[in-house]
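Subject: Structure handover

Hello,

Here is the structure I promised to pass on. Please open it and keep it beside this email while you read.

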Amino acid sequence: MLSVEERLHAIEEISVLKARYFRFADTQDWNALRDLFTPDATLFFPEGQEKPLPRDESIAHIKKVLAGVVSVHHGHMPEIELLSADHATGIWAMEDLVFFPPDRARETGVESVHGFGHYHEEYVRRNGRWSIHRLKLTRLRLERRSPAIAIS
């Protein structure tokens with residue numbers, strides 16, 4: 001049984017882990033993002049994948065999707081449950097904004113997206129360090145904005 005202090009410390013470490021996830025995705029620090037996950041982690045983004053993918057394949061996919069864009073991710077109201085000293089789950093309310101450069105916006109017909117949903121995650125602590133072991137994003141809403149059309 002974990003003490004209250006141990007529980008609070010673990011929850012804070014997991015919260016910092018998730019904050020780094022958002023920051024590394026937005027700053028496109030792919031190596032640092034990769035290191036937040038266990039080597040055998042899986043990530044699942046249903047709007048762009050049919051099934052969960054291994055860590056390295058997922059990071060490569062994220063890198064491709066976010067190439068040349070500006071993204072802003074926010075995580076809110078974590079529900080972290082410690083299942084043991086080294087295993088936890090969490091649900092994070094999320095909001096993200098993604099702004100595409102003009103050439104890509106013209107090509108895809110999407111200038112920006114604004115999304116809302118939840119991250120459902122599983123965490124493990126190995127060698128005293130918390131990592132994300134499973135990640136699934138569920139969307140409640142995804143708004144797409146088309147580029148403005150010039151009227152002459």
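**Ground rules**

This is a predicted model, so local features need pLDDT of at least 70 and side-chain atom pairs count only at pLDDT 80 or more, while totals for chains, interfaces and linings use all residues. Residues are numbered from 1 along each chain as its sequence is written, and side-chain values use heavy atoms, with hydrogens and water left out.

**The overall picture**

The protein has four helices and six strands. Both kinds of element are DSSP runs, numbered from the N terminus: helices are H or I with at least four residues, strands are E with at least two. Read from the N terminus, the order is α-α-β-β-α-β-β-α-β-β. The C-alpha trace spans about 70 × 25 × 25 Å along its principal axes.

How much of the protein is buried? Of its 152 residues, 36% count as buried. Buried means under 20% relative accessible area, exposed means over 50%, and partly exposed lies in between (1.4 Å probe, protein chains only). The protein exposes about 9,100 Å², and carbon and sulfur atoms supply 54% of that area. These areas come from the Shrake-Rupley method with a 1.4 Å probe; for residues, only the protein chains shown count as cover.

Now the contacts (heavy atoms within 4.5 Å). Take those with a separation of 6 or more: residues 24 or more positions apart account for 59% of them.

Charges come next. There are 20 positive and 23 negative side chains, and the centres of the two sets lie 4 Å apart. Lys and Arg count as positive, Asp and Glu as negative; His and the chain ends are not counted. Each charge is placed at NZ of Lys, CZ of Arg, CG of Asp or CD of Glu.

The six strands form an open sheet in the order 2-1-6-5-4-3, with mixed pairing. At the edges are strand 2 (53–54) and strand 3 (70–84), each pairing on one side only. Two strands pair if DSSP finds at least two bridges between them. As background, strands of a sheet pair through backbone hydrogen bonds, either parallel or antiparallel.

Which way do the pairs run? Here are three of them:

- Strand 1 (residues 37–44) and strand 6 (residues 129–145) run parallel, joined by four bridges. F37 has I132 of strand 6 as its bridge partner, and L43 stands opposite L135 in strand 6.
- Strand 5 and strand 6 run antiparallel, joined by 15 bridges. G115 has L142 of strand 6 as its bridge partner, and E122 has R134 of strand 6.
- Strand 4 and strand 5 run antiparallel, joined by 13 bridges. A88 has Y123 of strand 5 as its bridge partner.

**The helices on the sheet**

Helix 1 (residues 4–27) lies across strand 1, strand 3, strand 4 (87–99), strand 5 (112–126) and strand 6. Helix 1 runs at about 155° to strand 3. Helix 3 (residues 55–66) lies across strand 1, strand 2, strand 3 and strand 4, at about 55° to strand 1. Axes are lines fitted to C-alpha atoms, for helices over the stretch in contact; angles run from 0 to 180 degrees between N-to-C directions.

Start with L137, in strand 6. Is L137 buried or exposed? L137 counts as buried because its relative accessibility is 2%. Leaving aside neighbours within four places in sequence, L137 is in contact with F44, F45, P46, E47, M94, H118 and Y119. L137 and A93 are 44 residues apart in sequence, yet 9.8 Å apart in space, C-alpha to C-alpha.

The other two concern the backbone. Most residues other than glycine have a negative phi. M77, in strand 3, has a positive phi near 45° and is not a glycine. M77 is exposed, because its relative accessible area is 62%.

N127 is not a glycine either, and its phi is positive, about 55°. Where is N127? N127 sits in the loop between strand 5 and strand 6. That hairpin has two residues between the strands. N127 is exposed, with a relative accessible area of 85%.

Best wishes
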